[in-house]
Amino acid sequence: MTPDFIGNWVRTCYSADITPAMDGKEVTLFGWVKEIRDLGGIRFIILQDREGTIQITVPRKKVSAEVLSKSNSLQKRYSVGVKGVVKKTDMSPRGVEVIPNEIKVLNTAAAQLPIDITGKTPANIEARLDARALDLCQEQSIAVFKIQHVALDAIRSFLFERGFLEVHTPRIIASATEGGAALFTVDYFGEKAYLAQSPQLYKEQLVMSLEKVFEVGPFFRAEASHTRRHLSEFISVDIEQAFADAEDVMALLEQVIQHACKTVKEKCTKELTILKHKVEVPEVPFKRLTYDSVLDDLKKEGVEVPWGEDIPTEAFRTLGKLHPYFYFITDWPTESKAFYIKPRDDKPELCEGFDLMWRWIEIVSGGTRIAEKDLLIRRLKEKGLNPESFKHHLQAFDYGMPPHAGWAIGLERLTMILTGRRNIREVTLYPRDRTRLTP
RNA sequence: GCCCAGGUAGUAUAGUCCGGUCUAGUAUAAGCGGCUGUCGCCCGCUAGACCCGGGUUCAAAUCCCGGCCUGGGCGCCA
């Protein structure tokens, strides 16, 4: 079939914009055939676009031969344009339908689709990701990414209003930022380079000049994780603030999270309905649990964690049952956190690092950073890292590094919470994990 | 890196434990035909699958071994 030309057609509205009040008005719609229900003398075509669906009703005896033959040639996923008249009716779900005057087939599609787009036979995550471009056409997928967009937009506006500047630090770096986590290597004109696992060191340097910065971008970790909450490439929402400590940025963070939840709840009612999910707006301040109190609570639940060690996932799952929403864990042992987290002045074995938890999942980590060069060098050594490979970072500390603090939100993990999805790959357009590099 | 589970039509599944009426069932999708108010439309017909290789056996989707692939858990972390 030869596709029609789009010509001078211009979309007048999205499917979702059509209301019974528009009865009799002519509209031009673009979209895709989602479903066809042909009853013989009357045919219903469900046209889908980004904003939803609308029923195109084709009564055989009341439309032109041209429209009848075009509508007859349609199949699922055909890309089409429809010019027609809105008709108010109590016989369609939204109280409206469109009677077509002209139909353009802009492109065809394979008859047998790799996944069911009507949702009658839902595909597994593997089949969905293999056919991701098509999978993303499903209204649930669209809802997920609209919610992510709204949440990120809310976070950005919130930070803009509080004087944060958006920055972009390098993805290609010469040495590890944190040690530990594995890095992807890159051939940089014959020199060995790495993909950044975090903007940590750069954003810290920027507080000397721009004072309050944030960055939204992808970062890379070459950990061979096999879980529902890890990706090799993930989006981090990072902030760093001069003349601030952990308490300051925690207060900012809980407001950011609250604002994102509130905005999504208000603006995404349609998407949340599609996903059958409810977003609860958390009250601030969030609960603040110290590492020591967490260990005590776990002990009461019969879970022993030796002091000084990181809390294992199983223990976090227990903790998540005790605290079923957002909560902070503070006062971690200095040794359990990264080298740049500031030890407490009064108790150096504890530090000013914190995690923001949601049930059993860590979604944010942050803290007061070390601003004093000698202490930073000592901490590097204690962590088994070579200060020499951090010399370019360390030099910044010779020029008036202010006290500062910051955090990093895992955007996909936040999106999981806001959308109720249980697999991080569902909330990632094209996820990269241990075994998936395509599509 | 370690551990567990699993690969049956386009998709999702039953059957596998305990080998044989499995000539592999069902739903949905697809193709053809029918139907003027569907909204998971309905009805009839058609076509469509046991991951690969080896072994055991009279007989393997089913049991054993190896491989490949996938999902999940742990560790690590966002």
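Ala, Val, Leu, Ile, Met, Phe, Trp, Tyr, Cys and Pro count here as nonpolar, Asp, Glu, Lys and Arg as charged, and the others, Gly among them, as polar. This is a predicted model, in which local features need pLDDT of at least 70 and side-chain atom pairs count only at pLDDT 80 or more, while totals for chains, interfaces and linings use all residues. Residues are numbered from 1 along each chain as its sequence is written, and side-chain values use heavy atoms, with hydrogens and water left out.

Let us start inside the protein. A cavity is a set of points, on a 1 Å grid over the protein atoms alone, where a 1.4 Å probe fits but cannot get out, and its lining residues have an atom within 4 Å of a point. The whole structure holds 1 cavity of 30 Å³ or more. The largest cavity has about 40 Å³ of space, and its lining has 7 nonpolar, no polar and no charged residues. Those residues are I45, L47, I56, L74, V80, V82 and I103.

Now to the RNA. Near means that a heavy atom of the residue lies within 4 Å of the strand. Of the 52 residues around RNA strand B, R37, M91, P93, T313 and R425 come nearest.

| Residue | Distance to phosphate oxygen |
|---|---|
| R37 | 2.3 Å |
| Q75 | 3.1 Å |
| E362 | 2.9 Å |

Of the RNA strand B atoms within 4 Å of the protein, 55% belong to sugar or phosphate and the rest to bases.

Notes:
Chains are lettered from A and ligands numbered from 1 in the order in which they are written. On a 1 Å grid over the protein atoms alone, a cavity is a set of points where a 1.4 Å probe fits but cannot get out, and a pocket is an open set with protein on both sides within 12 Å along at least five of seven lines; lining residues have an atom within 4 Å of a point. Grid points are joined across faces, edges and corners, and a volume is the space filled by probe spheres set on the points. A polar contact is a pair of N or O atoms within 3.5 Å; within protein, one must be able to donate a hydrogen and the other to accept it, and residues adjacent in sequence count only if both atoms are side-chain atoms.
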